[in-house]
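Colleague: I am new to this one. Can you put it up and take me through it?

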Amino acid sequence: MKKITIFIVLATLCLIPKLQAQTPLPLSGQLHTPNGTPLNGATLVIQDTKLRTTTDESGNFNFANAPAAGTLSVSYTGYIAQNIPFNAQNRNLRLLLNSKENALEEVQINAGYYSVKDKVRTGSIAKVSAATLSRQPVSNPLAALQGRVAGLVITQRNGLPGSEFNVQIRGRGSIQSGTSPLYLVNGVPFISESLAQNSSLGANSPLNSINPNDIESIEVLKDADATAIYGSRGANGVILITTKKGKAGATTADINLSRGFGQITRAVELMNTTEFLAMRKEAFANDKTSPTLANAPDLLAWDNNRYTDYKDLLIGGTARSQNAQLRLSGGSPQTSYSFSANYYKETTVYPGADNLQRKDASLNLSHHSLDNRFNLNLTTSYGINTTALSNIELSGALSLAPNSPNLYDASGKLNWSEHGISFANPLAKTLETNRFKTDRFSSNAVIGYQLLKNLELKTTAGFNSIAVNQYSNVPIRAQNPATAPTGQASFADNLNQTWIVEPQINYSLSPTPAGKLSVLLGASWQGSTNTGSMVRGTGYTSDLLLGSIEAAATKVPANTFGEYQYQAVFARLNYNLKDRYLLNLTARRDGSSRFGSGRQFANFGAVGAAWVFSQEKFLKAIPFLSFGKIRASYGITGNDQINNYQYLDSYIATLPYGGQTGLIPNKLFNENYGWEENRKTEAAIELGFFKDRIRLNAGWFNNISSNQLVSYSLSAQTGFPSILQNLDAKIQNRGLEFDLSSTNVKTKDFSWSTSANLSLTKNKLLAFPGLERSSYASTYVIGQPLSLIRGYHYTGINPATGAYQFEDRNGDGLINSADFYNIGTKDPSFYGGIENTFQYKSISLNIFFQFVRQKGTDVVFGSYNLIGSSVNAPKALLDRWTPENPTAKYQAYSQSSSGPVSQARLMIPTSDAALVDASFIRLKNLALSYQLPKALIQRAHLKTARIYIQGQNLLTFSPYLNLDPESQNISALPPLKLFSLGLQITL
């Protein structure tokens, strides 16, 4: 018995170390670069276990229960992976990762239904990262893309908060159908057009409801290989917006606070009172007439010493902005989360309290099972935008005589007349209300299950709801009391809801000497409804009643409804042989409710191929060539961006007669039109030199769209203005795109990198059978761009009359539209941007310039205003024709509505004189940040802290005078010059 007892004791002592070794223990540490920069989002996996986690913003990681000994695998995009052994005595690790010489291999590109490493992609996809977005003080993510992506043209409509944008990828491919790209937010279609029913302000972009700080990346898909898997929805390109997700680890709180201000970039410099009155007197003298109180109160009744700078009064103010962002992130290796909340407010440069306010919150949950076979990702967000804007009409307000009467009378009310002569008070528009409230709810879920080792089942489902409530009014106090006005108000609601469900099967064969094969099969069901109603009330007798539709003397209701159904099946086959020879095949069958029976379905597809020739043994001997790839693609996509129900008969209500409302036919039935087709061809080469310190991508594309859907004009005898049908018209968009990036200097304390892009594009109408006999004969020309401008050829000023004169090109003795010729286009001939980033220890400086080569409308020649009338004019018009100045740039002053000068001012906007060089180089963005010292951060119990200064649209260099060269619209507020100062801390 004693021997047995001794044996048990000895056996127990031998087992104690083994039991200790099997006891789970915490394992933590930090991950940095050699210069001390923390690596956020790195992946850490304990080998031979299912334990994994990621680092937080400070590079920290933590395993709550790790083996007492093992090997930790550490990987991060662009850095050399490492395997680090650990044991019971080494539980707090400080790890360093060195940058890869060739980071290209690890860059992941999101293509929507799949992701692909940049090295082996066959399609044309551009990526803009969260770091780039965060450097720009903008409220709309589209503003952050301007000039940064080759082939992408983005133009801001105005400088109002919530401004809308015009977006085109590789040109205009349709005569009348929509040309906007497909927007997807976390895989769910998102509308980009304003839902406002009663506004010409152009300041209610739905994309403005998305907080740019919530975005992880934006990918722009351009060629057929990248877009064909989206079928007809991707005919005009695809913009993928992916929001940030949670990262495993201890809970981290990121707080970002900023304040900013903005002012106009450029505006027309107008005549002062002395110059204006001299112009008026000279105009009467030229017309050999005398001014009277009726036609010249500015000369005879109003104070000739008074001066009001309406430009400074109306748009010379300072817009203010404030932004507060909170983000919480953390979780376990199996379940991570991210929560963010944001408040943003922006005012305008207008007088008054116009502003936009955005409040939004988002939540992301990611989970995968212990065996990694099941995974779930859920994202949901809710945002409220409220906008209150004045209905200021700049073109009319800025044209007022500078000596117009005082804007307020002695009692402090708006003034409407002086000496019994009325005038338009520009401040009246500030009393008119345009109020929008936009509610956005978005949610999507991705559920995946690894059924077999190489087989994954996945379903994505999403829902977007955008509701706009709109109220606008024209109060009595905003109108001249001499006209006995009554108030007006309109009440509108619009709701757009989109849902989508997409089951998918992913199958991939493990890599073998014969290569790697992956197959994606899926289906798509999508639906959207749009409902709207509006009631316009007039005859209000008190401004206190404007908020009540019941108080209106007359009410005119209207409503809209639209429903769209879409379904598809799609497939993708990708073959990869040794990361050297790549083939990608895509097919899709689309069905759309926008076409009649028998034409609702169509087949589309694409093929993409690439050869990574730098992998060939005979080229590896070239020392300076680190990467080389040739890729090409060809495919066909459709386009169904037309209104719903166009193939059906439709009717509209008549005005009530005898107490009854009738119906009259509005549109003819035609079920014989079908899909537009867009054939896209691309070839490109990608090169890397000196271990990829220099990267150059060059591509050529040729897109031809045909079977154009056109609203074809009909004879008035039919009783209908037009009918929608397909025409065998063909439109070509072709061009060259270049992307260059380089690491110019890289040392321990200092780095300098450069990136640039350049696009050269051309749009052309290749064919349009029967064009000369159609109603489009004066609009389009074979071989010319769709945006072609036709008009007169300006030959100078007639020395006898002082009026503009034009060439009689057909020699018939008359100057009319028969003398038009092809003047040109406003389409940019080339455009792009160049960015330089400097990093010195804790200081970072980023400078980005945007450039565009284009034509634009001259502010003087492009105006129909009669120079010499009671309308104020740009200062440039001081250089006008007189007998003493016969070589002047502009014609003589005149205030008469007849005569050669008056006739010429109606013709000059439709001449080549009005189309001038509007090219520009703009300091689009400048961002300077400073990371606070580590000792100071630790004393404050913070993980990180930085302060930053950002600027947008800071400087503009352009031969284009007076107006902003981007907007080119005297009636719209130009984009603003923005500055922002902020503080970002991580707890």
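Colleague: Where is E686 found?

Modeller: E686 sits in strand β34, which covers residues 676–689. Strands are DSSP runs of E with at least two residues, helices are runs of H or I with at least four, and both are numbered from the N terminus. Residues are numbered from 1 along each chain as its sequence is written. This is a predicted model: local features need pLDDT of at least 70, side-chain atom pairs count only at pLDDT 80 or more, and totals for chains, interfaces and linings use all residues.

Colleague: Is E686 buried or exposed?

Modeller: E686 counts as buried because its relative accessibility is 0%. Buried means under 20% relative accessible area, exposed over 50%, and partly exposed in between, with a 1.4 Å probe and protein chains only.

Colleague: Which residues is E686 in contact with?

Modeller: Leaving aside neighbours within four places in sequence, E686 is in contact (heavy atoms within 4.5 Å) with R121, F627, G628, K629, R631, R695, L696 and N697.

Colleague: And what joins the side chains of E686 and R121?

Modeller: A polar contact of 3.4 Å joins them. That term means a pair of N or O atoms within 3.5 Å; within protein, one must be able to donate a hydrogen and the other to accept it, and residues adjacent in sequence count only if both atoms are side-chain atoms.

Colleague: Changing topic, how many helices and strands are in the protein chain?

Modeller: The protein chain has nine helices and 50 strands.

Colleague: How much of the protein chain is buried?

Modeller: Buried residues are 50% of the 987 in the protein chain.

Colleague: What does the C-alpha trace span?

Modeller: About 135 × 70 × 65 Å along the principal axes of the protein chain.

Note on methods: Side-chain values use heavy atoms; hydrogens and water are left out.
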